[in-house]
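Try each task before you read its solution.

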Amino acid sequence: LFNEKNNGKSLLSLIEKNYIKSAHDISLGGLITALSKMCIKGNKGIKIKKPKNLINEIEYLFAEDQGRYIIEINPKNFKEVSKILDKNSVHHEELGIIIEKEMIINEKTKVTIDELKSYNTTWLTNYMSS
């Protein structure tokens with residue numbers, strides 16, 4: 001609970017300083033679901049940079065945790081935001097870079113933002129009609 005509260009307060013501090021362009025919690029569905037929602041809402045893509053010490057890709061992409069957040073910032077503010085997060089003892093890493101039109105998860109997995117939007121709006125209907 002301490003870490004969750006600390007992370008939330010740190011996020012609020014960054015919002016107050018106008019460093020945050022967008023943010024999303026990593027809860028239901030994990031990192032990949034949160035990133036997908038952000039891509040759909042922002043109509044932008046992302047090229048995900050996997051951490052250097054990645055042990056399990058499935059856990060990394062789908063682990064759920066209400067105490068973690070994805071934040072979008074201007075790259076020119078990365079050092080200052082990192083300094084604030086370090087000062088507050090908040091673990092952080094660069095997840096990727098914003099790109100146009102697609103989400104690139106790894107060498108084999110790419111999806112366009114239009115496909116994400118379509119899957120998001122039609123999957124339940126398609127599932128129920130099967």
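**Exercise 1.** Is Leu 124 buried, partly exposed or exposed?

*Solution.* Keep in mind that this is a predicted model. Start by finding the residue: Leu 124 lies in helix H5, which covers residues 113-128. Next, take its relative accessible area, which is 46%. Buried means under 20% and exposed means over 50%, with partly exposed in between. Leu 124 is therefore partly exposed. To finish, look at its surroundings: together with Trp 123, Tyr 127 and Met 128, Leu 124 forms a nonpolar patch on the surface. The accessible area of these residues together is about 530 Å².

**Exercise 2.** Decide how helices H2 and H5 are oriented to each other.

*Solution.* First locate H2, which spans residues 30-42. The axes of H2 and H5 come within 9 Å and cross at roughly 105°. Angles of 65 to 115 degrees count as roughly perpendicular, so H2 and H5 are roughly perpendicular to each other. Now see which residues meet: H2 contributes Ser 36, Cys 39 and Ile 40, while H5 contributes Ile 113, Leu 116, Lys 117 and Asn 120.

**Exercise 3.** Is Cys 39 buried or exposed?

*Solution.* Begin with its place, which is helix H2. The relative accessibility of Cys 39 is 5%. Buried means under 20%, so Cys 39 counts as buried. Then check its contacts: leaving aside residues up to four places away in sequence, Cys 39 touches Lys 44, Gly 45, Ile 46, Met 103, Ile 113 and Leu 116.

Terms used. Residues are numbered from 1 along each chain as its sequence is written. This is a predicted model: local features need pLDDT of at least 70, side-chain atom pairs count only at pLDDT 80 or more; totals for chains, interfaces and linings use all residues. Side-chain values use heavy atoms; hydrogens and water are left out. Patches are made of residues with over 30% relative accessible area and no salt bridge: like charges are joined within 9 Å, nonpolar side chains (Val, Leu, Ile, Met, Phe, Trp, Tyr) within 5 Å. Accessible areas come from the Shrake-Rupley method with a 1.4 Å probe; for residues, only the protein chains shown count as cover. A salt bridge is a side-chain nitrogen of Lys or Arg within 4 Å of a carboxyl oxygen of Asp or Glu. Helices (H or I, at least four residues) and strands (E, at least two) are DSSP runs, numbered from the N terminus. Buried means under 20% relative accessible area, exposed over 50%, partly exposed in between (1.4 Å probe, protein chains only). Axes are lines fitted to C-alpha atoms, for helices over the stretch in contact, and angles run from 0 to 180 degrees between N-to-C directions. Angles under 35 degrees count as roughly parallel, over 145 as roughly antiparallel, 65 to 115 as roughly perpendicular and the rest as oblique. Contact means heavy atoms within 4.5 Å.
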